[in-house]
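Open the model in your viewer and keep the selection panel at hand. This tour goes stop by stop: select, look, move on.

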Amino acid sequence: MLNIKDISKTFNPGTPDEVQAIKHVSLAVPDGAFVVVIGTNGSGKSTLQQLIAGACVPDSGRIELAGEDITRWGEHRRAALIGRVFQNPFSGTAPTLSIIENMALAARRGQRRGLGWLLSGAVRRRLRDRVAELGMGLEDRLDNAIGSLSGGQRQALTLLMAVLQRPSLLLLDEHTAALDPKASDQVIRLTRDIVAREKLTTVMVTHSMHQAAHLGDRLIMMVNGEIRQDLADERKRRVNVEDLLALFEQVRRADRLDASAAELLRSRYV
């Protein structure tokens, strides 16, 4: 279970560039849940993932995963618990190494690295079988450099690498945003199948309203560093793209009214 308790994060505090990226956010994600996080640029959704992954540390609050307080753990230590797929298909892999070498490194995530054990024929066969599950024919190209693959092929492999050790949490950071529509659809199908088959606890950030409406069993909408909507169960199953666009418009109007009210108060009392 992922348990986030009242975390806040401010960048460049006390300067003209101060940004309150996360404001007292709490979120409990049960084991096996698939949470989709949406929000406009600057809403805090990416910062929330960075805080969970350990790329930055909250100013206050607590993050727990699999019964451990990981609030102050670094990224490398969290790697034993967290699998992550980034937006850029060329992140998270070693482009000059072969497919099988990248898979071998992923299989030892969070452990002492090394490729000597890869000489085992049994290990190679096991990894080949996992690559074959993608249905892309890449199991016959295991010795090709992973940097020679298309973005969609590479992202599919990165997804597979992220779940080889069945992590306690899978983080997907707009992992189809850089792909063409055909490759994006293929990776999303793989994502849905892998998450469902492995029953993975997953937090996925996306800009796509279509993905937000059709993936996962819970939907979080972030605005200005806060969680403004939390749709689960029947509400999530019934939501569609038009509903999400309407929710964004409601939030935009509410924020505009709040800003106008604040300005009115300032004009009266300042």
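Which residue of β5 does Glu64 stand opposite? Select Glu64 and look across to β5: the residue there is Asp69. Keep in mind throughout that this is a predicted model.

**Stop 1: the β4-β5 hairpin**

Stay with these two strands. Select residues 60-65 for β4; two bridges join β4 to β5, and the strands run antiparallel. Now pick Leu65. Its bridge partner in β5 is Glu68. Two residues lie between the strands of this hairpin.

**Stop 2**

Four strands make it up, in the order β2-β1-β4-β5, and the pairing is antiparallel. Colour the edges next: they are β2 (19-29) and β5 (68-69), each of which pairs on one side only. Strands of a sheet pair through backbone hydrogen bonds, so display those as you go.

Five bridges link β1 and β4 in the antiparallel sense. Click Ile4, and find its bridge partner in β4, Ile63.

**Stop 3: helix α3**

Select residues 99-106. How many of the eight residues of α3 are buried? Seven are, and the helix is mostly covered. Show Ile99, Ile100, Asn102, Met103, Ala104, Leu105 and Ala106, the buried residues of α3. Now bring in what covers them, including α4 (121-132) and α5.

Keep α3 and α5, and hide the rest. Their axes are 9 Å apart, and the helices pack at an angle of about 30°. Angles under 35 degrees count as roughly parallel, and therefore α3 is roughly parallel to α5. The crossing of α3 and α5 is right-handed. Turn on side chains at the contact. From α3, look at Ile99, Asn102, Met103 and Ala106; from α5, look at Leu157, Leu160 and Met161.

Centre on Ile99. Setting aside its neighbours within four places in sequence, Ile99 is in contact with Leu138, Arg141, Leu142, Asn144, Ile146, Leu149 and Leu157.

**Stop 4: the nonpolar cores**

Zoom out from Ile99 to the core it belongs to. The largest nonpolar core has 48 residues. Show Ile38, Ile99, Met103, Leu157, Leu170 and Leu244, which have the most contacts inside it. Select residues 151-162 as well: this is helix α5, which gives the most to this core, with six residues.

**Stop 5: Arg218**

Finish at β9, residues 218-223, where Arg218 has its place. Is Arg218 buried or exposed? Buried means under 20% relative accessible area; Arg218 has 14% relative accessibility, so Arg218 counts as buried. Show what is around it. Leaving aside its neighbours within four places in sequence, the contacts of Arg218 include Leu27, Ala28, Val29 and Pro30. Phe34, Val35 and Val36 are also in contact with Arg218. Asp230, Leu231, Ala232 and Lys236 complete the list.

Technical notes:
Residues are numbered from 1 along each chain as its sequence is written. This is a predicted model: local features need pLDDT of at least 70, side-chain atom pairs count only at pLDDT 80 or more; totals for chains, interfaces and linings use all residues. Side-chain values use heavy atoms; hydrogens and water are left out. A nonpolar core is a set of buried Ala, Val, Leu, Ile, Met, Phe, Trp, Tyr and Cys residues joined through side-chain atoms within 4.5 Å. Buried means under 20% relative accessible area, exposed over 50%, partly exposed in between (1.4 Å probe, protein chains only). Contact means heavy atoms within 4.5 Å. Two strands pair if DSSP finds at least two bridges between them. Axes are lines fitted to C-alpha atoms, for helices over the stretch in contact, and angles run from 0 to 180 degrees between N-to-C directions. Angles under 35 degrees count as roughly parallel, over 145 as roughly antiparallel, 65 to 115 as roughly perpendicular and the rest as oblique. A crossing is left-handed if the near helix is turned anticlockwise from the far one by less than a right angle, and right-handed if clockwise.
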